[in-house]
Amino acid sequence: MFLIPNAVVRFFHRMASPPHFYAFTDKVMPWLIIIFVLLTGFGLYGGLYLAPSDYQQGDSYRIIYIHVPSAWMSLFIYMVMAISGAIGLVWRIKLAEIVAISSAPIGASFTFIALFTGSLWGKPMWGTWWVWDARLTSELILLFLYLGVIGLYGAIDDKRVASKAVAILALVGVVNIPIIHYSVEWWNTLHQGPTVTKMDKPSIHVSMLIPLLLMALSFKFYYLIALIQRIRIELLQRERNAQWVKAKILELRL
Amino acid sequence: MSLDEFISMGGYGFYVWTSYGVTFCVLLANIIIPIAQRKQFFAKALNKQKKSL
């Protein structure tokens, strides 16, 4: 603990308290939106307009600017969900439980987008909308894991018990994450290998790489924005009898 | 590049723009739904308060 500055510890302590979190996110939200809009604007301009066509795939490859960032997000959000679920499970921190369950619909959305745009990319390039190969199948399982988390949470009335159950399910599902990542190396697959995360040198030109990284960053900020919105409604519903929520309602009346 | 060329995406316009369109709609829904739920939450709470007075 002595390695972490006191101010940082205090910050996390305060953030774990619902009213502080609510007030803090109110303040940072406009900045998050500004950064998100800028990143998306430059990313799309670079990807759809400035970047040249691919010498093999023509302009169809431009789907990459949403397909790959979405696929990355689908894995990233799953890890956030599992880790915050575990934190909630061990330390019973309410905000960690809420981060976990609030991430699920956003993660499911990105997984759906990755599958859907992949299908639209596969049709002109591979000649098929879908194949049951390792990458596609494991990503589909990821979607079912997300939907399972959402369904399980909705099925249990006591939200603290529901959070426990969901955290365990999410943790079990973590085994799928390395399977998705390495599927293109472990099995023969139609899906192309990694172009960006190769350790030596990414096999993508810099004029294509920069917009891709901008979009990846833009989706991270989108996740923050969407997550905060979800957390807020979840907090209000769970804490509807708490003093700070009553004060908020009273504020609205005046 | 002309606007027509841009929209046709070298013949892949349907695939590219459907991808971007669906992505936009899904991401937008993820913002609108929780905000609508929050509005509904406050509307309900205000109603309840009024009735109890």
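A: In this predicted model, buried residues account for 15% of the 53 residues in chain B. The secondary structure of chain B consists of 2 helices and 0 strands. Its radius of gyration is 21 Å, whereas the globule rule gives 10 Å for 53 residues, so chain B is more spread out than a compact globule. The C-alpha trace of chain B accordingly deserves a look along its principal axes, where it spans about 65 × 15 × 10 Å.

Chain B meets chain A through 23 of its own residues, which are in contact with 30 residues of chain A. On the side of chain A that touches chain B, two or more residues each come from α4 (94-126), α8 (206-238) and α9 (243-253) of chain A. The most is given by α4(A), with 11 residues. By class, this side of chain A has 17 nonpolar, 7 polar and 6 charged residues.

The crossing in which α4(A) passes α6(A) is left-handed. Glu97(A), Ala100(A) and Ile101(A) make this contact from α4(A), and Ser163(A), Val166(A), Ala167(A) and Ala170(A) make it from α6(A). These residues divide into 5 nonpolar, 1 polar and 1 charged.

A further partner of α4(A) is helix α5 (residues 134-155) of chain A; the two axes come within 9 Å and cross at roughly 150 degrees. Because angles over 145 degrees count as roughly antiparallel, α4(A) and α5(A) are roughly antiparallel to each other. Here, too, α4(A) passes its partner, α5(A), in a left-handed crossing. From α4(A), the residues in this contact include Ile101(A), Ala104(A), Pro105(A), Gly107(A) and Ala108(A). From α5(A), they include Leu140(A), Leu143(A), Tyr146(A), Leu147(A) and Ile150(A). The contact of α4(A) with α5(A) has 15 nonpolar, 2 polar and 1 charged residues. Ile101(A) of α4(A) takes part in the contact with α6(A) and also in the contact with α5(A).

Methods: Residues are numbered from 1 along each chain as its sequence is written. Chains are lettered from A and ligands numbered from 1 in the order in which they are written. This is a predicted model: local features need pLDDT of at least 70, side-chain atom pairs count only at pLDDT 80 or more; totals for chains, interfaces and linings use all residues. Helices (H or I, at least four residues) and strands (E, at least two) are DSSP runs, numbered from the N terminus. The radius of gyration is taken over C-alpha atoms; the globule rule is 2.2 Å times the number of residues to the power 0.38. A residue is buried if 20 or more other C-beta atoms lie within 10 Å of its own, exposed if 12 or fewer, and partly exposed in between; C-beta atoms are placed from the backbone. Two residues are in contact if their C-beta atoms, placed from the backbone, lie within 7 Å. Ala, Val, Leu, Ile, Met, Phe, Trp, Tyr, Cys and Pro count as nonpolar, Asp, Glu, Lys and Arg as charged, and the others, Gly among them, as polar. A crossing is left-handed if the near helix is turned anticlockwise from the far one by less than a right angle, and right-handed if clockwise. Axes are lines fitted to C-alpha atoms, for helices over the stretch in contact, and angles run from 0 to 180 degrees between N-to-C directions. Angles under 35 degrees count as roughly parallel, over 145 as roughly antiparallel, 65 to 115 as roughly perpendicular and the rest as oblique.
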